[in-house]
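Visitor: Please show me the model, and let me ask what stands behind the labels used for it.

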Amino acid sequence: MKKRGATPFIIPAMGSHGGATAEGQVEVLEGLGVTEEATGCEIRSSMDVVEVGQTDDGVPVYTDKHAYNADGIIVMGRVKAHTDFKSTFESGILKMASIGMGKHKQALALHTHGIKGIRDMMPDVGRVAISNTNTLFGFAIVENAHEETTILEAISPQDIDDREPKLLTESVELMPSLPVNEMDILVVDEIGKNYSGTGMDTNIIGRIRVLGVEEPESPSVKYLIASDLSEASHGNALGIGLADLTTKRLFDKIHFQAMNENVITSTFLDRAKIPIVLDSDREALQAALRATWGVNDEEARIVRIPNTLHIGELYVSEVIFNEVKDQEHIEVLEEPVDMKFDEAGYFYPM
């Protein structure tokens, strides 16, 4: 863009992330490595928006003030499966043009309608936002199972409706998954907004917990333990409600104002409910094992992952190890060993 004589700047395309404040959204970007120093251009963060129209359903459409006043807008975003619903358009350019560019005000306007708002109304809001602003093109990013960029595609506004669903299909085919579908216990070392908008990717853990949305048939997890919260989340522990047990370490890091602003905006309140809080990973695991009726500890089907974004390497209990060790796509990095905890009763980092 600079070579073509432009002076690019970045806006955070977020609804209620960062506590729905301009400063908080800059902090979220910093946690992702997106800074003025790293990108070489200015970041203009504001919650001020301009109303640019409305949909046929009467939903008002908003666009970030800085973007609206720019000479041109490039809407960038990953095209991937949404964590709340399944549809033709999920996470992608239209979502970023609507809930992203429309900031907190647009998020409120759509989430007021519950799942219908973000699943059925969101694409139309994105279309109006693109049509009624100086949007030059969308820029789609598709990643593989290792979070590596595999497709970069610039899409003209008139082609977004055709291309985005096809890219979504490719993205879903590239998504990672756990090596087994049935688990007694899933331990997630760290949840956070840098791993998923819901703290944990619902497509990985098999839990959605949104009224009116059917729960996935697989994977099936009896008990999920959330052990820690990422620093990049700045205390926003949205997604903690998807767990059954957590630790005092994670609980003590929660910034309730940031988390509550996010979850109340979304209206999916279950996702911020606090599960049982125990003093350590060891105690949480013991409680989960006790509640796994009729299964001896040695036979428990346990999987441990660092987070739901990076599952290329993981730990499994011996019964699962024996099931998967000879599969073609599985590489054994370590033979079975006893679980190890530090002095405080937490797992050592993976």
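Visitor: How many salt bridges does a search of the whole structure find?

Guide: The search finds 20 salt bridges, a salt bridge being a side-chain nitrogen of Lys or Arg within 4 Å of a carboxyl oxygen of Asp or Glu. This is a predicted model, in which local features need pLDDT of at least 70 and side-chain atom pairs count only at pLDDT 80 or more, while totals for chains, interfaces and linings use all residues. Residues are numbered from 1 along each chain as its sequence is written, and side-chain values use heavy atoms, with hydrogens and water left out.

Visitor: What makes Lys253 and Asp228 a salt bridge?

Guide: Their side chains meet at 2.8 Å, N to O, and the limit is 4 Å. The pair links distant parts of the chain, 25 residues apart: Lys253 is in the loop between α9 (248–251) and α10 (256–266), and Asp228 is in strand β9 (residues 220–229). Helices (H or I, at least four residues) and strands (E, at least two) are DSSP runs, numbered from the N terminus.

Visitor: Why is Asp228 called buried, and why is Lys253 called partly exposed?

Guide: Buried means under 20% relative accessible area, exposed over 50%, and partly exposed in between, with a 1.4 Å probe and protein chains only. Asp228 has 11%, so the residue is buried. Lys253 has 39%, so this residue is partly exposed.

Visitor: How do you know that Asp281 and Arg249 form a salt bridge?

Guide: Their closest N and O atoms are 3.9 Å apart, which is within 4 Å. This pair also links distant parts of the chain, with Asp281 in helix α11 (residues 281–290) and Arg249 in helix α9, 32 residues apart. Asp281 has 2% relative accessibility and therefore counts as buried, whereas Arg249, at 26%, is partly exposed. Salt bridges that share partners join Asp228, Arg249, Lys253 and Asp281 into one network.

Visitor: What is the N to O value for the salt bridge of Lys273 and Asp270?

Guide: The value is 2.8 Å. Asp270 has a relative accessible area of 31%, so the label is partly exposed.

Visitor: Why are α4 and α5 called roughly perpendicular?

Guide: Helix α4 (residues 93–100) and helix α5 (residues 103–111) pack at an angle of about 105 degrees, with their axes 8 Å apart. Axes are lines fitted to C-alpha atoms, for helices over the stretch in contact, and angles run from 0 to 180 degrees between N-to-C directions. Angles under 35 degrees count as roughly parallel, over 145 as roughly antiparallel, 65 to 115 as roughly perpendicular and the rest as oblique. The two helices are therefore roughly perpendicular. Ser98, Ile99 and Gly100 of α4 make the contact with Lys103, Gln106, Ala107, Leu110 and His111 of α5, where contact means heavy atoms within 4.5 Å.

Visitor: What makes α5 largely enclosed by the rest of the structure?

Guide: 7 of the 9 residues of α5 are buried, so the helix is largely enclosed. The buried residues are Lys103, His104, Gln106, Ala107, Ala109, Leu110 and His111. What covers them includes α1 (22–31), β3 (49–54), β4 (60–64), α4, α6 (115–131) and α10.

Visitor: Why is Ile264 called exposed?

Guide: Ile264 has a relative accessible area of 55%, and exposed means over 50%. Ile264 lies in helix α10. Ile264 and Ser16 are 248 residues apart in sequence and 9.3 Å apart in space, C-alpha to C-alpha.

Visitor: How do you know that β5 and β6 pair?

Guide: Two strands pair if DSSP finds at least two bridges between them. β5 and strand β6 (residues 135–143) run parallel and are joined by 6 bridges. Ile74 has Phe137 as its bridge partner in β6, and Ile73 stands opposite Thr135. β6 and β7 also pair over 6 bridges, in the antiparallel sense; there, Val142 has Ile151 of β7 as its bridge partner.

Visitor: What makes β5 and β7 edge strands?

Guide: The open sheet has 3 strands in the order β5-β6-β7, with mixed pairing. β5 (73–78) and β7 (149–155) each have a single partner strand, so one side of each is left without a neighbour in the sheet. The twist averages 15 degrees from one strand to the next.
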